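Keep the structure in view as you read.

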Number of protein chains: 2
Amino acid sequence: MKIITVNREFGSGGREVAKRLADELGFAYYDSEIINEIATHAELDTHYVERMLENGAPRNYVVTYSRTFHMPSAIDANMTRLYSVQNKVIKEIASRGDCVIVGRCSDVVLRDSDPFKIFVYADMESKIERCLGRMQEDEKLTIKELQKKIKQIDKGRADTHNIISDIRWGDKKGYDLCINTTRINIKDLIPYIAKYAENWFETREK
Amino acid sequence: MKIITVNREFGSGGREVAKRLADELGFAYYDSEIINEIATHAELDTHYVERMLENGAPRNYVVTYSRTFHMPSAIDANMTRLYSVQNKVIKEIASRGDCVIVGRCSDVVLRDSDPFKIFVYADMESKIERCLGRMQEDEKLTIKELQKKIKQIDKGRADTHNIISDIRWGDKKGYDLCINTTRINIKDLIPYIAKYAENWFETREK
């Protein structure tokens, strides 16, 4: 089984990198699908699962759990359960066939399957530009607010990752290839990363 | 002018990556040639220049400088002069045409030329294996000694780099692509990195 995991800084275009890689290689692509499956398995609301796994447990957050309400004291137990379900879902997804999986600590969860691990990052200026380009009309953020949002989301991703791994989120040691997307044309460059990944699997299989 | 800079952890195969990239792209390749040119310009001994620029100024090291001897107090002035000559030599080399330059802070010195900056790294186990493979019969080091040597050389490279740059040596932010060579076949994979670099320059030139 050939598995590619893509971790990324918010606004770096990591999702586009992952999608294009999957298309180029004919691999299945999993991103928000994972959250949906976790929510179904855990009988939790999709938005709640997303918020918990992306940003860690927020304070004073009332938990909607199987239509009953729990106060924050229940969050720790819920998080543990969520991580357990996440592990199960990601392993099940990976067993279906060659795939590209975005985020969700899949690099750590699937380490025994020897995935090709990519980290995508960019300069803050470039990330802000990318975010501005795809921002909806109704969510007008200032540059300063956007910068704060980017840092907050990345902190959430790092915190979630660092709970289950010795190697810190974004530390190049934990990845096979780290791609800086600052001012690059992702569409034009991804075919070469796909070729690299294809050959990486062949070399490792020897 | 298309310039590729390659920084690397000792034992990661960075030099092989750089040489193969240069061959693949038909670019000039500069590694120890730089040290020779610096030594000639500064009228210093090649080995001394190499030791100073790779490992920083060692304590109690007597400086052979234009056939007169200087005690360590002269080292700081000499280092400043060496960095200045290094800058000049690297810029002159880069102005000759498309090239791949290994180490010597060329990523920082040439930042105004917008080079494609690569960092090559690997797991300690993999670096030790690579070093053992190329070790001469007369320099038999134990695994522990080898590990110490690898760390020392990398510390020297980091110290030298961090004197002239805000971004720390090896921090992915300072590079366009970070390649983990652990268990990979460099020969088979470099052609795809060459293609990536070629296209990176085209994209950036638009």
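A:Arg183 forms a salt bridge with B:Asp114. The closest N and O atoms lie 3.5 Å apart. Across the interface of chain A and chain B, 2 salt bridges are found. Remember that this is a predicted model.

Now widen the view to the whole interface. Chain A contributes 28 residues to the contact, and chain B contributes 28 residues. Between them the two chains bury about 2,600 Å². Carbon and sulfur atoms carry 54% of that area. On the chain A side, A:Lys172, A:Tyr192 and A:Tyr196 lose the most area to chain B. Together they account for 25% of what that side buries.

The largest nonpolar core holds 52 residues. Which of them touch the most other members? They are A:Ile4, A:Leu21, B:Ile4 and B:Leu21. Take B:Leu21 and set aside residues up to four places away in sequence. B:Leu21 then touches B:Ile4, B:Val100, B:Ile118, B:Ile190, B:Ile193 and B:Ala194.

Chain A itself comes next. It has 206 residues, and 52% of them are buried. The chain contains 8 helices and 7 strands. Among its contacts between residues at least 6 apart in sequence, 69% join residues at least 24 apart. Its accessible surface comes to about 10,400 Å², with 47% belonging to carbon and sulfur atoms.

Finally, confidence. The model scores ipTM 0.88 and pTM 0.88. Chain A has a mean pLDDT of 86, and 87% of its residues reach 70 or more. Over residues 57-72 of chain A, the pLDDT is below 50. That stretch has 31 contacts in the model beyond near neighbours in sequence.

How values were computed:
Residues are numbered from 1 along each chain as its sequence is written. Chains are lettered from A and ligands numbered from 1 in the order in which they are written. This is a predicted model: local features need pLDDT of at least 70, side-chain atom pairs count only at pLDDT 80 or more; totals for chains, interfaces and linings use all residues. Side-chain values use heavy atoms; hydrogens and water are left out. pLDDT is the predictor's confidence in each residue, from 0 to 100. Contact means heavy atoms within 4.5 Å. A nonpolar core is a set of buried Ala, Val, Leu, Ile, Met, Phe, Trp, Tyr and Cys residues joined through side-chain atoms within 4.5 Å. Buried means under 20% relative accessible area, exposed over 50%, partly exposed in between (1.4 Å probe, protein chains only). Helices (H or I, at least four residues) and strands (E, at least two) are DSSP runs, numbered from the N terminus. Accessible areas come from the Shrake-Rupley method with a 1.4 Å probe; for residues, only the protein chains shown count as cover. Buried area is the accessible area (1.4 Å probe) that two parts lose on being put together, summed over both. A salt bridge is a side-chain nitrogen of Lys or Arg within 4 Å of a carboxyl oxygen of Asp or Glu.
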